[in-house]
Amino acid sequence: MTIQELDAIRQAKKDLIEVRRVVKEQGEKLAAKTGYRKQILVCGGTGCTSSKSMQVIEQLEKSLKEHKIDDVLVVKTGCFGLCALGPIMIVYPEGAFYAQMTPEHAKTVVEQHIVKGGQIVKDLLYQGTVLSDGSIIPFSETPFYKKQMRIALRNCGVIAAEDIDEAIAAGDYAALEKVLSSMTPDDVINEMLASGLRGRGGAGFPTGRKWAFAKASQGDIKYVCCNADEGDPGAFMDRSVLEGDPHCVLEAMTIAGYAIGAHQGYIYVRAEYPVAVQRLKIAIDQAHRYGLLGKDILGLGFDFDIEIRLGAGAFVCGEETALMTSIEGHRGEPRPRPPFPAVKGLFGKPTILNNVETWANVNPIITKGAAWYSTIGTETSKGTKVFALGGKITNVGLVEVPMGTTLREIVEEIGGGIPDGKKFKAAQTGGPSGGCIPASCIDTPIDYDSLLAIGSMMGSGGMIVLDEDTCMVDISKFYLEFTADESCGKCTPCRIGTKRLLQLLTKITEGKGEPEDIVKIEELASHMKSSSLCALGQSAPNPVLSTLRYFRNEYEEHINEKKCAAGVCKAMLSYSIDKEKCIGCGLCMKNCPVGAISKTDYVAQGHKLPSLEIDAAKCIKCGVCMGNCKFKAIARK
């Protein structure tokens, strides 16, 4: 395919994409420009798909057909970000943002909004877009979206994820065309260096420097790899990019191949991401047919191809050398460094590896320029960062904000605060490798250096919000259980150290802790960080050390008072029934799984039935009784 043909395709769908970005267009103007009176975009990401968004699409198409409407386009997109309200559907040109859709809701929208000419169904809208006076604001003006800046996620929720024509119309492959037609490999690397882009996979190594090292390495064969393994609990940033805009990754990897002199790329993606894998396969096939992958790309003499490799879900394969070992067909175990992959990587050849989000930033840097990109963010952390916001937060979802945005802005404004009036206690960033940021540090700007300074780290972008009901010792134990299970076992500090740390934490949460256990934890953590082979073992103690730093009193309370103030550690809990409040209804007794509740001889004043009591020796502290009591007669201490 020639550049002229590529331009023609881009222009053909440019207006179609533009109307989704600018919602002030009039219906008549939309029809005149695109041939469609309205466009209905439905999220086809994993989250919304699991909530039956595909059935919503089926009902839309069925209802449109029944009403003989053929000038309305239904589009399956990637993630819109506000996952807590999925399935999400947006109708353009109005920009009406419908949330928590069902097939029945879809039928209603067609009958009222589509058939009756723009009669928006307010009851089904995302209520953040509906003001108290009944007026409707664009969803981009709601607190969740207003402070976001979408660069990596620029096309997610905007384009049809499986349509290369829409990807091209939205700007994908424009950077590749520019690079191959007017830039040298050194020009590309210099642009990446000037942008200040740092790896979004966790370590934050300057992307341009990594590419420069690989280009300078000797060898006729070099490789480009994409880390789409994303093993952190609660993280789904990379998955969402692949599901919503897979072509941006293919384009960026091809550009990197040109920059370092590589002709083969591999995308390592976990098999648990079936939607992402399927869309990658579709995108690779489409790119081949359009001459954007394979031999003589765009007729400009450069060859580059990409293959997919599926991972089996081993967390350690997120580490670059373990990932490459897995691609080679061996058990995923890390290798000692140096030599670094840029010198000796995949199959012993110079290799660069970046994660999905890093690749997603390449196109804007090339097309808009490093000077533009470097104005976003902070002095040492340029650009934006995508976070998977989860835990005890109202607006669970995917957010992308400029580096330097404070934790308070993310939690209280974008995230909508803590549900049920609870207080913010901490935020865990960086997954199992990260640390906990306490409420006292809520005004910390989110960037690489600021997070390291307070004992946490950026990581790949998971952000789990914790409220006042969270036990920080238990949180540390949770992450240690994960890393101990995921350790590949190759090196002793990690294999033994994670298990020993877990034993100490378990001992404390079971009420058997001793004062010297804290000293043992700190000494063991220090040895693990200094002597483990790879980042899994080196960073495994981080959640423990950060909680010890900011919540040491909770550890001491567990050890010295045998008490868990949050009421999480079961071994330290006790349940009792207030005989004056108990009416003797017996509901708790009927639902107790171990028969630990029985009647007493005492009848409280004003009640007809005898009160109940709990046998502490039989009680397994499951909390079922407390959940069933309508009179708040059961207390947990």
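Student: An open sheet of 5 strands has mixed pairing; in what order do its strands stand?
Tutor: This is a predicted model: local features need pLDDT of at least 70, side-chain atom pairs count only at pLDDT 80 or more, and totals for chains, interfaces and linings use all residues. Residues are numbered from 1 along each chain as its sequence is written, and side-chain values use heavy atoms, with hydrogens and water left out. Strands (E, at least two residues) and helices (H or I, at least four) are DSSP runs numbered from the N terminus. The order across the sheet is E11-E10-E14-E12-E13.

Student: Which are the edge strands of this sheet?
Tutor: Look for strands that pair on one side only. Two strands pair if DSSP finds at least two bridges between them. The edges are strand E13 (435–438) and strand E11 (397–402).

Student: What does the twist average from one strand to the next?
Tutor: Angles here run from 0 to 180 degrees between N-to-C directions, and axes are lines fitted to C-alpha atoms, for helices over the stretch in contact. From one strand to the next, the twist averages 30°.

Student: In E11, which residue is the bridge partner of phenylalanine 387?
Tutor: Strand E10 (residues 384–391) pairs with E11 in the antiparallel sense, over 6 bridges. In E11, phenylalanine 387 is bridged to valine 399.

Student: What angle does helix H11 make with E10?
Tutor: Helix H11 (residues 237–244) packs on the sheet. It touches E10, E11 and strand E14 (462–467). Contact means heavy atoms within 4.5 Å. The direction of H11 and that of E10 make about 115°.

Student: At what angle does H24 run to E13?
Tutor: H24 lies across two strands, strand E12 (424–429) and E13. To E13 it runs at about 35°.

Student: How far apart are the axes of H20 and H24?
Tutor: Two packed helices are described by the angle between their axes and the distance between the axes. Helix H20 (residues 472–486) packs on helix H24 (residues 542–561) at an angle of about 135°.

Student: How do the residues of the contact of H20 with H24 divide?
Tutor: H20 gives Met472, Val473, Ser476, Tyr479 and Leu480. H24 gives Pro543, Val544, Thr547, Phe551, Glu554, Tyr555 and His558. Ala, Val, Leu, Ile, Met, Phe, Trp, Tyr, Cys and Pro count as nonpolar, Asp, Glu, Lys and Arg as charged, and the others, Gly among them, as polar. The division is 8 nonpolar, 3 polar and 1 charged.

Student: How many residues of helix H14 are buried?
Tutor: Buried means under 20% relative accessible area, exposed over 50%, and partly exposed in between (1.4 Å probe, protein chains only). Helix H14 (residues 320–327) is mostly covered. Its cover includes H10, strand E5 (223–228), strand E6 (264–270), strand E8 (302–311) and strand E9 (351–355).

Student: Why is E6 largely enclosed by the rest of the structure?
Tutor: Both faces are covered. Gln264, Tyr266, Tyr268 and Arg270 are buried on one side, and Gly265, Ile267 and Val269 on the other. E6 counts as largely enclosed because its buried residues number 7 of 7.

Student: In E8, which residue is the bridge partner of tyrosine 268?
Tutor: E6 and E8 run parallel, joined by 7 bridges. On its pairing with E5, E6 is also parallel, over 6 bridges. In E8, tyrosine 268 is bridged to arginine 309.

Student: What relative accessible area does leucine 197 have?
Tutor: Leucine 197 lies in the loop between helix H9 (185–195) and helix H10 (207–216). Its contacts, not counting residues up to four places away in sequence, include Phe205, Thr358, Ile365 and Tyr373. Leucine 197 is buried, with a relative accessible area of 1%.

Student: What separates the C-alpha atoms of leucine 197 and threonine 358?
Tutor: Along the chain, these residues are 161 residues apart. Their C-alpha atoms are separated by 7.9 Å.

Student: Leaving aside neighbours within four places in sequence, which residues is serine 63 in contact with?
Tutor: Serine 63 lies in helix H4 (residues 53–66). At 1% relative accessibility, serine 63 is buried. Its contacts beyond those neighbours are Lys107 and Val110.
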